[in-house]
Amino acid sequence: MIQIYHNPRCSKSRQGLAIVEASGKEFEVVKYLEDELSVEQLSTIISKLGIKPIDLVRKNEAIWKSDYKGKTLTDKQIIDAMIKHPKLIERPIVINKNKAVVGRPPESILNII
């Protein structure tokens with residue numbers, strides 16, 4: 001089943017959700033700001049995306065700028081920061097089996113559904 005990690009307050013995430021809905025395929029919405037992710041879950045998502053943890057961070061968020069920017073962080077520390085502050089996670093993320101994509105632009109979701 002397709003999963004979309006979604007933030008309803010984000011316009012790109014809402015556009016991504018509309019693309020998934022329009023596909024007519026069965027999907028699950030994960031509101032990751034409400035339902036806390038585990039380190040293991042986030043690590044699996046990053047692995048499916050095929051990126052480094054830093055590439056999933058929203059670097060313009062105030063919490064990133066104030067607490068993390070300019071510091072030398074390990075991948076684990078970056079993942080821990082995203083677990084502690086889930087608004088740092090780029091969105092939407094769509095997973096279909098072993099494939100995943102960050103929906104920026106939202107049309108990139110079409111590549112995996």
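## Exercises on a predicted model

Glu 61 is buried, with a relative accessible area of 14%. Keep in mind that the structure you're looking at is a predicted model. Let's work through it.

### Exercise 1: a charged pair

**Solution.** 
- Step 1: Side chains of opposite charge can pair when their charged atoms come close.

### Exercise 2: a pair within a helix

Work out why Lys 76 and Asp 80 are separated by about one helical turn, and say how exposed each residue is.

**Solution.** 
- Step 1: Note the link. The side chains of Lys 76 and Asp 80 meet in a salt bridge, 2.9 Å from N to O.
- Step 2: Count along the chain. The two are 4 residues apart in helix H4, so about one helical turn lies between Lys 76 and Asp 80.
- Step 3: Sort them by accessibility. Lys 76 is exposed because its relative accessibility is 54%, while Asp 80, at 30%, is partly exposed.
- Step 4: Now zoom out to the charged network. Salt bridges with shared partners tie Arg 58, Glu 61, Lys 87, Glu 90 and Arg 104 into one network.

### Exercise 3: a link across the chain

Say which parts of the chain the salt bridge between Lys 52 and Asp 75 links.

**Solution.** 
- Step 1: Get the distance. The closest N and O atoms of Lys 52 and Asp 75 are 3.1 Å apart.
- Step 2: Lys 52 sits in the loop between helix H2 (39-49) and helix H3 (62-67), and Asp 75 is in helix H4 (residues 75-84), so the pair links distant parts of the chain, 23 residues apart.
- Step 3: Check accessibility. Lys 52 is partly exposed at 47%, and Asp 75 is partly exposed at 32%.
- Step 4: The whole structure has 6 salt bridges.

### Exercise 4: rings and a histidine

Decide how the rings of Trp 64 and Tyr 68 are arranged, then find what His 85 is in contact with beyond its sequence neighbours.

**Solution.** 
- Step 1: Count the aromatic pairs: there is 1.
- Step 2: Read its geometry. Trp 64 and Tyr 68 have ring centres 5.3 Å apart and planes at 25°, so the pair is stacked, as the cut-off is under 30 degrees.
- Step 3: Check burial. Trp 64 is buried at 7%, and Tyr 68 is buried at 13%.
- Step 4: Move to His 85, in the loop between H4 and E3. His 85 is buried, with a relative accessible area of 17%.
- Step 5: Skip neighbours within four places in sequence, and His 85 is in contact with Ile 63 and Tyr 68.

### Exercise 5: a hairpin

Describe how strands E3 and E4 pair, and what joins them.

**Solution.** 
- Step 1: Find the strands. E3 covers residues 93-96 and E4 covers residues 99-102; they pair in the antiparallel sense over 4 bridges.
- Step 2: Ile 93 stands opposite Val 102 in E4.
- Step 3: Look at the turn. E3 and E4 form a hairpin with 2 residues between them, and Lys 97 in that turn has a positive phi of about 60°.

Technical notes:
Residues are numbered from 1 along each chain as its sequence is written. This is a predicted model: local features need pLDDT of at least 70, side-chain atom pairs count only at pLDDT 80 or more; totals for chains, interfaces and linings use all residues. Side-chain values use heavy atoms; hydrogens and water are left out. Two strands pair if DSSP finds at least two bridges between them. Rings of Phe, Tyr and Trp (its six-membered ring) pair if their centres lie within 6.5 Å; planes under 30 degrees apart count as stacked, over 60 as edge-to-face and the rest as tilted. Buried means under 20% relative accessible area, exposed over 50%, partly exposed in between (1.4 Å probe, protein chains only). A salt bridge is a side-chain nitrogen of Lys or Arg within 4 Å of a carboxyl oxygen of Asp or Glu. Contact means heavy atoms within 4.5 Å.
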